[in-house]
Amino acid sequence: MNPSDELVASLTTIATYTESNNTIEVHASQCDAIAIAFISADQQTAGQFAIKAAASSQPLVLVILAKDEKPRSIAEGFLKLQLISQRLAKPHCIILDGLFSLLHNIAWTNKGPIDLPELAARQIDARLAGETLTVYCVDKFPKMVDYIVPAGVRIADTSRVRLGAYVSEGTTVMHEGFINFNAGTQGASMVEGRIPSGVMIGNGSDIGGGASIMGTLSGGGQLVISIGENSLLGANAGLGFPLGDRCTIEAGLYVTAGTKVTMLDASGTEVGIVKARDLADKPDLLFRRHSVTGNIQCLTNKLATKLNTELHVHN
């Protein structure tokens with residue numbers, strides 16, 4: 001991110017880069033010069049990678065993003081996903097428009113990614129060689145940890161966190177938790193439910209087991225849904241509007257933006273009815289369903305959520 005003018009000038013000469021966003025094929029003979037350029041710019045990790053890449057038989061490309069624009073190639077798209085999972089860019093801070101349609105389904109296997117038209121032949125070859133070709137999934141996105149394992153996180157089922165997820169230090173993702181691309185956590189959080197694309201969870205918040213949040217790809221539309229700090233989305237609950245700090249939605253209650261909510265004062269008296277979207281980002285609210293009438297009620301949340309630090313301190 002934000003390379004020095006000297007590094008850009010060196011790579012421009014080596015890779016014959018001209019301008020704008022570009023994906024440039026790199027030959028093994030260029031890798032040593034690229035490595036020197038990165039190391040001279042104090043980019044040691046990139047420099048060491050370039051040194052090792054010189055001995056690789058895999059196709060190599062250099063992706064340069066001069067501007068933050070809609071991805072025009074698969075390489076550009078995957079670079080942006082890596083920037084998010086590396087915590088170098090946060091969701092909503094870089095343009096990913098059109099990425100989903102740009103990528104195509106791949107078989108992600110124990111032998112690496114395989115194009116679907118090649119899969120059947122590769123499976124037969126493996127059987128004839130007495131080997132097993134295991135297909136982990138058929139999807140546009142690989143799991144994040146095959147490429148990046150962020151420091152200080154715990155992920156019980158790694159297949160449920162896609163490349164492009166932003167997983168902050170201290171976050172725990174349990175077996176039923178899921179984090180999509182361009183989504184994630186902004187601090188130590190417990191994730192036992194689903195965080196869809198476009199949704200960010202604040203520090204100290206808890207997504208209960210089986211809980212669901214509307215995303216921009218599946219019902220949320222253009223409304224950017226988020227959860228503030230130290231909030232709780234109860235087990236099997238659901239959310240369809242931006243939830244503020246220190247809020248709670250009780251277990252099993254799904255509150256969408258258009259849900260009619262009865263407001264209660266400190267004495268429990270009804271004082272009005274509003275739509276949930278009118279309470280977007282408001283702090284210290286408790287949402288519950290009346291066990292007799294079924295009405296959804298909102299009152300002041302007197303018990304702020306606090307994560308069990310024992311579950312996160314050793315991540």
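How many bridges join strand β21 to β22, and do they run parallel or antiparallel? Some notes on this model, starting there.

1. Five bridges join β21 (residues 260-264) to β22, and the two strands run antiparallel. For pairing, DSSP has to find at least two bridges between two strands. Strands here are DSSP runs (E, at least two residues) and helices are H or I runs of at least four, numbered from the N terminus. Lys260 has Lys275 in β22 as its bridge partner. Five residues sit between the strands of this hairpin, and Gly268 takes a positive phi near 85°.

2. **How covered is β22?** Hardly: of the six residues in β22 (residues 270-275), the count of buried ones is zero. Buried means under 20% relative accessible area, exposed means over 50%, and partly exposed is in between (1.4 Å probe, protein chains only).

3. **What you're looking at.** This is a predicted model, where local features need pLDDT of at least 70 and side-chain atom pairs count only at pLDDT 80 or more, while totals for chains, interfaces and linings use all residues. Residues are numbered from 1 along each chain as its sequence is written, and side-chain values use heavy atoms, with hydrogens and water left out.

4. Glu192 lies in the loop between β11 (190-191) and β12 (194-195). Its relative accessible area is 29%, so Glu192 is partly exposed. Setting aside neighbours within four places in sequence, Glu192 has contacts (heavy atoms within 4.5 Å) that include Met174, Glu176, Asp206 and Gly210.

5. **Helices α2 and α3.** Helix α2 (residues 28-40) packs against α3 (residues 44-53) at about 170°, with the axes 7 Å apart. The axes are lines fitted to C-alpha atoms over the stretch in contact, and angles run from 0 to 180 degrees between N-to-C directions. The pair is therefore roughly antiparallel, a label for angles over 145 degrees. By class, their contact has nine nonpolar, three polar and no charged residues.

6. Two bridges join β15 to β18 (residues 238-240), and Ser212 has Gly238 as its bridge partner in β18.

Note on methods: Angles under 35 degrees count as roughly parallel, over 145 as roughly antiparallel, 65 to 115 as roughly perpendicular and the rest as oblique. Ala, Val, Leu, Ile, Met, Phe, Trp, Tyr, Cys and Pro count as nonpolar, Asp, Glu, Lys and Arg as charged, and the others, Gly among them, as polar.
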